Amino acid sequence: MREWFLGLQPRERHILMVGAAAAVVIVIWGFVWLPISRGSQELRDAVADKRLLLSDLRRAEALGASGGASRAVNSASESLVVLIDSTSKSAGLAAAVTRTRPDGPDGISVSFQNAPFDGLLTWLVSLESEYGVSVETASFNGAREQGLVSGQLFLRR
């Protein structure tokens, strides 16, 4: 191959070297730089979303730590089972909630599968801030699809 290259005219060798350099730059840009920059932008967006969620959770925690006086318990007469059912439907989690089991007058166990994690946390924050329902215990397992979780919650009013 070297003999072939040296057998070319100087102008042809120059064009071939410039073309090879351009091809190397294009390959590095297309297969290395572009995927890395896209991935880092996706990670930056995910971090921003998680920070917003964290601030919402801290705000809800502050509401809960204020002694419960500021809680707007809108449905004190409504049973916890009905409340969980209606709020999970409005949060878009009805398909993910697989089972609810009451535990006394102020507790409920909720099982769920393939629930979007961000939606689940938003729902739990709204339960805390709007209805005074807090999470006593939680168990999460990752699902095959990114962003989905399965598990069980024990909620108490």
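Lys89 is exposed, with a relative accessible area of 52%. This model is predicted. In it, Lys89 forms a salt bridge with Asp85. Asp85 is partly exposed, at 40% relative accessible area.

**Salt bridges**

Side chains of opposite charge can pair when their charged atoms come close. The structure holds five salt bridges. The table lists some of them.

| Pair | N to O distance |
|---|---|
| Asp85 and Lys89 | 3.4 Å |
| Arg59 and Asp56 | 3.1 Å |
| Arg156 and Asp106 | 2.9 Å |

Arg59 and Asp56 both belong to helix α2 (residues 10-65). They are three residues apart, which means a separation of about one helical turn. Arg59 is exposed, at 51% relative accessible area. Asp56 is partly exposed, at 26%.

Arg156 and Asp106 form a salt bridge between their side chains. This pair links distant parts of the chain, 50 residues apart. Arg156 lies in strand β4, and Asp106 lies in the loop between β1 and β2. Arg156 is partly exposed, at 23% relative accessible area. Asp106 is partly exposed too, at 29%. A network of salt bridges links Asp106, Arg156 and Glu136.

**Helix packing**

Back to helix α3. It spans residues 80-90 and packs against helix α4, residues 117-131. The angle is about 130°, and the axes are 11 Å apart. That angle makes α3 oblique to α4. Their crossing is right-handed. From α3, Leu83, Ile84, Thr87 and Ser88 meet Trp123, Leu127 and Tyr131 of α4. Five of these contact residues are nonpolar, two are polar and none is charged.

Methods: Residues are numbered from 1 along each chain as its sequence is written. This is a predicted model: local features need pLDDT of at least 70, side-chain atom pairs count only at pLDDT 80 or more; totals for chains, interfaces and linings use all residues. Side-chain values use heavy atoms; hydrogens and water are left out. Axes are lines fitted to C-alpha atoms, for helices over the stretch in contact, and angles run from 0 to 180 degrees between N-to-C directions. Helices (H or I, at least four residues) and strands (E, at least two) are DSSP runs, numbered from the N terminus. Angles under 35 degrees count as roughly parallel, over 145 as roughly antiparallel, 65 to 115 as roughly perpendicular and the rest as oblique. A crossing is left-handed if the near helix is turned anticlockwise from the far one by less than a right angle, and right-handed if clockwise. Contact means heavy atoms within 4.5 Å. Ala, Val, Leu, Ile, Met, Phe, Trp, Tyr, Cys and Pro count as nonpolar, Asp, Glu, Lys and Arg as charged, and the others, Gly among them, as polar. A salt bridge is a side-chain nitrogen of Lys or Arg within 4 Å of a carboxyl oxygen of Asp or Glu. Buried means under 20% relative accessible area, exposed over 50%, partly exposed in between (1.4 Å probe, protein chains only).
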